[in-house]
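Trainee: I would like to go through this structure step by step, from the overall fold to single side chains.
Mentor: Go ahead, and ask about one thing at a time.

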Amino acid sequence: MSAHDHNIPSGEPPLDMYRWRNAPNFLIGLGGVLAIAGWIGNAQQFGYSWLFAYMFFLSFCLGALFLVIVHHLFDASWSVPIRRYVEHMACLAPAMAGLFIPIALLAPRIFEWMHRLQTGEIDHSLQAKHPLFTVPMFYVVAVFCFVVWCVLSNRLRHWSLQQDRTGTAECTFKMRFYSFWGIFAFAITLTLAAIMWMKALQHEWFSTMYGVWYFAASVWVTLPTVYLIAVILKRQGPLREVVQEKQIYFIGSLMLAFTVFWAYISFSQYFIIWNANIPEETFWYVLREKGSWWDVSMIIIFCHFFLPFLMLLRIDWKLKLTVMIPLCAWAWLMHFFDMSFNVLPAGRPDGFSLQWLWLDLGCLALIGGVLTRAFVRNLNAHPAFPQKDPRLAEGLDIYVPPASAGGAAPSHGGAE
């Protein structure tokens with residue numbers, strides 16, 4: 001092993017996680033109280049806060065689903081040891097479907113285009129988007145998205161767990177089959193979700209890159225989460241023998257790649273729209289230059305891109321936990337500002353509102369607590385990593401000689 005291994009916890013004693021066992025329940029309780037108070041006090045502002053928090057956490061679920069699909073499409077070996085808990089993250093889709101209920105109920109209050117349909121004030125922008133921007137289609141699209149996400153995540157994990165029991169080639173072929181059509185369904189549903197639940201907050205605006213932007217943001221924030229969970233599970237023991245330096249390094253490399261990709265998409269969208277100078281498009285950015293939204297945009301430019309980019313450029317820092325763990329937390333904070341910048345100006349045009357910050361944080365706490373409980377339950381219910389994946393030995397750098405013509409295949413040793 002290389003000289004960097006001292007940065008990756010291996011022989012250290014497990015962390016004391018017992019005192020954190022009630023953290024999800026605390027978040028659910030506190031967040032639930034704040035969310036209920038916000039709904040009673042101002043249902044419209046609660047709707048914006050809930051939508052912001054919802055899209056914040058949906059990005060983790062969709063980012064994880066993409067990573068699982070890509071793993072199978074490329075028949076990767078290095079990511080086998082970390083695949084199982086990423087599958088659990090993707091399988092939070094049913095919980096996200098339940099958490100969508102407040103948005104479904106409050107949609108007429110937070111989406112102006114629905115109010116225009118009710119009052120008959122249909123403008124050209126809304127008419128041009130017919131029949132997608134109709135009340136029935138709003139709910140049809142939501143059902144379609146959740147069905148696709150639930151089927152994909154459930155089937156991919158089902159056959160992964162089945163592979164643990166049987167080790168047959170059928171399981172591998174099934175996961176490749178779902179990934180083959182799933183990548184197209186994933187792209188369509190993620191784009192629809194970004195358009196119908198975020199971009200539609202200001203229906204006059206349109207951007208052909210918005211779905212790609214949300215995809216880039218989702219994978220970007222998921223990778224630091226995957227990094228942090230890998231480090232914790234290696235230190236705790238479940239992944240102690242299978243997560244190696246290269247898994248940690250490759251996750252860090254992907255973080256750098258998606259930092260650049262997110263910046264490219266975000267700048268390209270801004271440059272194309274601003275350079276065209278069409279009022280129906282530029283108003284979206286003009287609104288976000290008012291009040292403290294200008295300050296938020298500067299935070300996004302310098303702290304969402306430049307700081308992570310410069311820190312991830314160094315090869316050795318991708319393995320230095322004193323750098324990477326704070327950077328993971330920093331990524332969540334920057335994603336907070338990014339989602340705020342895209343969702344909240346529709347209801348708070350004067351700037352980032354500290355008046356409603358308690359409600360934003362309450363919704364984040366409630367949704368985060370629910371998802372954390374579901375994730376930990378799934379993590380404890382199944383093996384921590386794929387037990388009989390044909391690429392596991394390769395992912396652990398273990399050479400397995402081919403089976404002799406007349407004999408059984410040799411053992412993988414500690415690979416399984």
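**Fold, rings and charges**

Mentor: To begin, in this predicted model, residues 24 or more positions apart account for 82% of the contacts in the protein chain with a separation of 6 or more.

Trainee: How many helices and how many strands does the protein chain have?
Mentor: Helices and strands are taken as DSSP runs. On that basis the protein chain has zero strands, and its helices number 16.

Trainee: What is the radius of gyration of the protein chain, and what does the globule rule give for 416 residues?
Mentor: The C-alpha trace spans about 80 × 45 × 40 Å along its principal axes. The chain is as compact as a globular protein of that length, because the globule rule gives 22 Å and the radius of gyration is close to it, at 23 Å.

Trainee: What percentage of the 416 residues count as buried?
Mentor: The protein chain exposes about 18300 Å², and 67% of that comes from carbon and sulfur atoms. Buried means under 20% relative accessible area. The share of residues that count as buried is 54%.

Trainee: Which residues form the nonpolar patch on the surface, and which helix supplies the largest share of it?
Mentor: The patch consists of Phe 267, Tyr 270, Phe 271, Ile 272, Trp 274 and Val 286, with about 570 Å² of accessible area together. Val 286 lies in helix α12, residues 279–287. The largest share, five residues, comes from residues 245–276, that is, helix α11.

Trainee: Is Val 286 buried, partly exposed or exposed?
Mentor: Partly exposed covers the range between the buried limit of 20% and the exposed limit of 50%. Val 286 has a relative accessible area of 36%, so it is partly exposed.

Trainee: Which helices do the buried residues of α12 pack against?
Mentor: The buried residues in α12 are Glu 281, Thr 282, Trp 284, Tyr 285 and Leu 287. They pack against α10, α11, α13 and α14.

Trainee: Why is the pair of Trp 39 and Phe 46 stacked?
Mentor: The count of aromatic pairs comes to 48. In the pair of Trp 39 and Phe 46, the ring centres are 4.9 Å apart, and the planes are at 20 degrees, so the pair is stacked. Planes under 30 degrees apart count as stacked.

Trainee: Are Trp 39 and Phe 46 buried or partly exposed?
Mentor: Trp 39 has 33% relative accessibility, so it counts as partly exposed. Phe 46 has 2% and therefore counts as buried.

Trainee: How many residues apart are Asp 397 and Lys 246?
Mentor: Asp 397 forms a salt bridge with Lys 246, with the closest N and O atoms 3.0 Å apart. Asp 397 is in the segment after α16, and Lys 246 is in helix α11, so the pair links distant parts of the chain. The two are 151 residues apart.

Trainee: How many salt bridges does the structure hold?
Mentor: Some share partners, joining Arg 83, Arg 84, Glu 87, Asp 164 and Asp 389 into one network. The structure holds twelve.

Notes: Residues numbered from 1 in each chain as written. Predicted model: local features only at pLDDT ≥ 70, side-chain atom pairs only at ≥ 80, totals over all residues. Heavy atoms only, no water. Patch = residues over 30% accessible without salt bridge, like charges linked within 9 Å, V, L, I, M, F, W, Y side chains within 5 Å. Areas by Shrake-Rupley, 256 points an atom, 1.4 Å probe, with all protein chains shown as cover. Salt bridge = Lys/Arg side-chain N within 4 Å of Asp/Glu carboxyl O. Helix = DSSP H or I, 4+ residues; strand = E, 2+ residues; numbered from the N terminus. Buried < 20%, exposed > 50% of the residue type's maximum accessible area, 1.4 Å probe, protein only. Rg over C-alpha atoms; globule rule 2.2 N^0.38 Å. Contact = heavy atoms within 4.5 Å. Phe/Tyr/Trp six-rings, centres within 6.5 Å; stacked < 30°, edge-to-face > 60°.
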